[in-house]
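Here is a short report on one protein chain. Keep the sequence and the 3D view open as you read.

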Amino acid sequence: MTTVYSVDARIEAPVHDTEVTDRVRDAVEALFPAAEFVSEPGLLVAETHSLDDFSDRLHEQEILDTARREFERNRTDGGFTFSLKKQAAFQGVVNFAVGEPDELGDISVDVTVRSPSVEEYVDHLAPPTEDGAPVDPDRR
């Protein structure tokens, strides 16, 4: 049986006077290709209902444990938030922003999980690992 995930992710990236809005949009699209954009003054806002491409990046970069820590650290009853370095996103690389934001600001992602549960969605997005390899959740 395939689990159907129902999520909403709001992605925000500040756009400074020294930046080109399209370049910031490219950075967001590199990690979230299914995102739909809205521009607000000084801010690029996007929404998506799938983080599967983002999950693929986490697997490719082999940073599942790091991602899980970030999701858990910023978890709420209804979802989780995380921030990404804008400069890395330009290169299509996931680099979680921790501590002080960069001079040009970070990409902020706010994920609301409708179903199944936040924990199950985190397991889907960034499965637990054993010796660096994803663990099949059915084996647990």
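Predicted model: local features only at pLDDT ≥ 70, side-chain atom pairs only at ≥ 80, totals over all residues.

**Salt bridges**

The side chain of Glu72 meets that of Arg75 in a salt bridge, with N and O 3.2 Å apart. Arg75 is also partly exposed, at 34% relative accessible area. How many salt bridges does the count come to? The count is seven. Side chains of opposite charge can pair when their charged atoms come close.

Three of these pairs are set out here.

| Salt bridge | N to O distance | Relative accessibility |
|---|---|---|
| Arg114 and Asp8 | 2.0 Å | Arg114 54%, Asp8 19% |
| Glu70 and Arg73 | 2.9 Å | Glu70 8%, Arg73 52% |

Take the pair of Arg114 and Asp8, joined by a salt bridge at 2.0 Å from N to O. This pair links distant parts of the chain: Arg114 sits in strand 5 and Asp8 in strand 1 (residues 6–14), 106 residues apart. Arg114 counts as exposed because its relative accessibility is 54%, and the cut-off for exposed is over 50%. Asp8 has a relative accessible area of 19%, so it is buried; the cut-off there is under 20%.

Now take Glu70 and Arg73, whose closest N and O atoms are 2.9 Å apart. Both residues lie in helix 3 (residues 64–73). They are three residues apart, about one turn of the helix. Is Glu70 buried or exposed? Glu70 is buried, at 8% relative accessible area.

Asp52, Asp53, Asp56 and Glu60 form a negative surface patch. Asp53 belongs to helix 2, which covers residues 52–60. Asp53 has 38% relative accessibility, so it counts as partly exposed.

Ser55 is in helix 2 as well. Ser55 is buried because its relative accessible area is 6%. Which residues does Ser55 touch, not counting those up to four places away in sequence? They are His124 and Leu125.

Glu62 is placed in the loop between helix 2 and helix 3. Its phi is near 55°, a positive value in a residue other than glycine. Most residues other than glycine have a negative phi. Glu62 counts as exposed, at 68% relative accessibility.

Where is Gly92? Gly92 is in the loop between helix 4 (86–90) and strand 5 (106–115). With a relative accessible area of 9%, Gly92 is buried. Leaving aside neighbours within four places in sequence, Gly92 is in contact with Ala30, Leu31, Arg57 and Gln61. Phe32 is 60 residues from Gly92 along the chain, and their C-alpha atoms are separated by 9.6 Å.

**Lys85 in strand 4**

Lys85 is part of strand 4 (residues 79–85). Lys85 counts as buried because its relative accessibility is 16%. Residues up to four places away in sequence are again left out of its contacts. Lys85 then touches Asn95, Phe96, Ala97, Glu100, Asp102 and Asp106.

Which residues does the cis peptide bond join? It joins Ser115 and Pro116, with omega about 5°. Most peptide bonds are trans. Pro116 is placed in the loop between strand 5 and helix 5 (118–125).

Val4 lies in the segment before strand 1. Leaving aside neighbours within four places in sequence, Val4 is in contact with Ser115 and Pro116, the two residues of the cis bond. Val4 counts as exposed, at 64% relative accessibility. The C-alpha atoms of Val4 and Glu72 are separated by 21 Å, and the two residues are 68 apart along the chain.

Technical notes
Residues numbered from 1 in each chain as written. Heavy atoms only, no water. Patch = residues over 30% accessible without salt bridge, like charges linked within 9 Å, V, L, I, M, F, W, Y side chains within 5 Å. Areas by Shrake-Rupley, 256 points an atom, 1.4 Å probe, with all protein chains shown as cover. Salt bridge = Lys/Arg side-chain N within 4 Å of Asp/Glu carboxyl O. Lys, Arg positive; Asp, Glu negative; His and termini not counted. Charge placed at Lys NZ, Arg CZ, Asp CG, Glu CD. Helix = DSSP H or I, 4+ residues; strand = E, 2+ residues; numbered from the N terminus. Buried < 20%, exposed > 50% of the residue type's maximum accessible area, 1.4 Å probe, protein only. Contact = heavy atoms within 4.5 Å.
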